[in-house]
Protein chains: 2
Amino acid sequence: MAMSISIPELRKFLEPESVMILGASRVVGEDNPNIVANLIDCGYSGKIYPVNKNATEILGFKAYPRVKDVPGKVELAIIATPRDTVLQGVRDCVDKGIKAIVILAQGFADSNKEGRILQEEIVHIVRKGGSRVLGPNTFGSSNAFFNFTTAFRPLLMEKIPIGLICQTGSLVMGFPNFKFIGKCFDLGNSADIDFIDALEYFSNDPEVKVIALHMEGLKEARGRDFIKVAKKAVEKKPVLVLKTGRSVQGEKSASSHTGCMVGDDKVYSGAFKQCGIIRANDIDELADLCRAFLYLPLMRSNRVGVITGSGGIGTLVADFCEENGLRVAQLSHNTICELDKLFPSWFSVSNPLDIAPAATIMGHPRQETYRIALRSLLKDDNVDAVMFVGAPIAQGESWDPSQPAIEVIREFPYKPVVFWLYGHYALDVTDRIEKENSTLVFPSVSRAIKVLHSLWYYYHIKSEYTQ
Amino acid sequence: MAMSISIPELRKFLEPESVMILGASRVVGEDNPNIVANLIDCGYSGKIYPVNKNATEILGFKAYPRVKDVPGKVELAIIATPRDTVLQGVRDCVDKGIKAIVILAQGFADSNKEGRILQEEIVHIVRKGGSRVLGPNTFGSSNAFFNFTTAFRPLLMEKIPIGLICQTGSLVMGFPNFKFIGKCFDLGNSADIDFIDALEYFSNDPEVKVIALHMEGLKEARGRDFIKVAKKAVEKKPVLVLKTGRSVQGEKSASSHTGCMVGDDKVYSGAFKQCGIIRANDIDELADLCRAFLYLPLMRSNRVGVITGSGGIGTLVADFCEENGLRVAQLSHNTICELDKLFPSWFSVSNPLDIAPAATIMGHPRQETYRIALRSLLKDDNVDAVMFVGAPIAQGESWDPSQPAIEVIREFPYKPVVFWLYGHYALDVTDRIEKENSTLVFPSVSRAIKVLHSLWYYYHIKSEYTQ
């Protein structure tokens, strides 16, 4: 595939050989955002040029009073000065021939009329000079694979093949229990570089396997381009979106946050559907989907096998299956015969499969029951995925399904298995189950089932593309 | 209020002075459910009579070969024998004049035709003998206030004023991070004692402040009685329900779990609405609501003030407010003037309130900003509750809103404040914020907002009753 024009330009934001920091701070510490310190901490190995007229050296790097004093070529400039000096900074960068500029400050299209005019002037200057701008009102770009970030807060980055494109730094920070910063463009007000540019970049980036978007709004004029680029992206890898500003009050909030024109949510819904983009409603749902598409196989049809130690939870799982367009699998005759031996005579094997009587009444070792039940369901052609409700209500191996599950899942790498756990030792067992990332634990039944739905939906979308 | 006939009968299940265990086990240990051991562990101080024809003593208690050998009066019998011997056990208990009987075994209306007939026979015998049965297919009853449980698994009980009425033992186990076993009736197949009995009991129990139901189904003939009893209960305390078997496939699962006729979910929805019962969709939502009604004040109208360090999250909060029938509060002129001083001139104070510029641009100490922002919003007459999005992205006091929040919330005990946290130290800070239970942290924006909606809905319901 021919590389689009935006690829080499945007690469400078993620893999710059040299970076200049306008307004680099001399102070470090908990309450003092320091970009140079962040770059050192994350192991950046390119050239660092701090610009600060009051310093000759910052954290071991020679500091320069003005942009034009910096020797040689600079690939990326981070403008970290207050709002009122940003315009001059942009001019200086463009004059120096810097093609990639990140503007961190707030107070542009996100504030008042004056801010909007300032932002327009900036765009005018960079376009004329052949440069590109990321922001303003942003954490900028981050790339765990290149040990690089423009953010002014410390990030926990990991070489996870997720490309995040967002309009808020809060997502760049990652989350407790799941840090999804592999590579990131925080578009902020998206004055210049926008979703289309970043999406095209990540869809062509072999280090990115899943693309996650947090979107407040898209310029109307870019709608067609977005759909074109998004369709191509979805053909190659899953594209997930958390669209905010979807309500009247949310739209109002968005316009004061990033100055975006939000527009009717139905239009976005239609566009996402047309492209096969998968929509998340909340941040935790977005994180669920990222983890699922990173680690789990797709689901080839919509029939779910359910293993549970509680018939009551089985009923809840069945409800969520139906509410998410999935079906509770009808087990094959062979599977039923195989499982029948585990249970008392009055018990009729069905799906959801309540395995409690096998242990409590028949006295089968619990781990062996987990193993047989999971293997029987996974090898059944009528089952496309398994939801396993584990109940580590006591400490000790016999209540812990992790080892049997991991072993059986290895035999069926093309069917997703998801877990929900309850009981006092649920959190301890979670780590063991997710040890190899071959199956994942979700914090509620509904979230586990939503994930299965998306794994099936994307399989379906992919099949359409290959028809 | 005159005490209903069911009250003294049901009290025996929660506060028995003496308890007999049919089929009491001699074996203890991780994989050996032992009711006597459980009773000892939870500190039960009543009389314990194990019945086991193969033992003369169990865990220090004299064991009896047959029911009729047990001396004196027994208030509650727990039948822990296998299914096939249950009927005879029930006969023996009734003959001995025991008025309260718990049947733990599965294999009755939850299994096949034979099981259904067995269950009918049991009901026939107890009704004739003037006794009541809880179950079968149940963990039975538990009461942290009386250090009592009939469950065959160890429970973590706490003297929390929540009365749980459920049809699955999995809920009796409680959850990681929140154990809501104060008092509990696990109805199982609800062959005799049903939702109406238990609901009436808890609505008259001064130790219960919140009633939580997990319901698979209700006998059609009991529909009117349920509505009558539920209305009275809701007048006194919030009644929450997780109704499962709400889909066609869930209904099928429920009928093989507890043998309940489930019926059309719309009928249940209508009945719950008519009574003012608050519906949860998943187990975590039910736990959220339990915590909220235990610890937070009601919300008097539907206007939410939002404090956030991220404009992007503010937009998401606004979306969820609107989607849940709440409004993003319009701040009063006074509040805006007061807050204006914290921010740069180009910033227009509005709700959701992005407090980041106060710290990052104006250099205000972060804790002081939390304090001022929260106090200004809570004292504004246009604000009925506050959603606080905290961001402990670094360790250290300045990122931790817990102390200022707890102090300010003390001044406004009649307005609920809920938190969502992101950032690497979110979990550490959660414990400190919830230290006094005066405010709660929820694991997602949507769950926090759903809780506010319910706190407002119940206020509204209560007002209708007092009109």
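A salt bridge is a side-chain nitrogen of Lys or Arg within 4 Å of a carboxyl oxygen of Asp or Glu, and a search of the whole structure finds 51 salt bridges over all chains. This is a predicted model, in which local features need pLDDT of at least 70 and side-chain atom pairs count only at pLDDT 80 or more, while totals for chains, interfaces and linings use all residues. Residues are numbered from 1 along each chain as its sequence is written, chains are lettered from A in the order in which they are written, and side-chain values use heavy atoms, with hydrogens and water left out.

**Chain A**

- Chain A holds 17 helices and 20 strands, where helices (H or I, at least four residues) and strands (E, at least two) are DSSP runs numbered from the N terminus.
- Along its principal axes, the C-alpha trace of chain A spans about 85 × 45 × 40 Å.
- Of the 467 residues of chain A, 63% count as buried, a word that stands for under 20% relative accessible area, with exposed meaning over 50% and partly exposed the range in between (1.4 Å probe, protein chains only).

**How the two copies are related**

**Where the chains meet**

- The contact (heavy atoms within 4.5 Å) takes 78 residues from chain A and 78 residues from chain B.
- Because 100% of the interface residues of chain A are also interface residues in chain B, the copies meet through the same surface.
- Chain A and chain B bury about 5,700 Å² between them, 54% of it on carbon and sulfur atoms; this buried area is the accessible area (1.4 Å probe) that two parts lose on being put together, summed over both.
- In chain A, the residues that lose the most area to chain B are A:Gln249, A:Trp346 and A:His424, together 13% of what that side buries.
- A:Gln106, which lies in the loop between strand E6 (100-103) and H4 of chain A, counts as buried at 16% relative accessibility, and its contacts beyond four places in sequence include B:Trp346, B:Asp354 and B:Pro357.

**Salt bridges within a chain**

- A:Arg410 forms a salt bridge with A:Glu436, the closest N and O atoms being 2.8 Å apart, and this pair links distant parts of the chain, 26 residues apart.
- B:Arg132 and B:Asp192 form a salt bridge with closest N and O atoms 3.0 Å apart; B:Arg132 lies in strand E7 (residues 132-134) and B:Asp192 in the loop between strand E11 (183-186) and helix H6 (195-203) of chain B, so the pair ties together parts that are 60 residues apart in sequence.
- Both B:Arg132 and B:Asp192 are buried.
- In the salt bridge between B:Asp400 and B:Arg432, the closest N and O atoms are 2.7 Å apart; B:Asp400 counts as buried at 6% relative accessibility, whereas B:Arg432 is partly exposed, with a relative accessible area of 41%.
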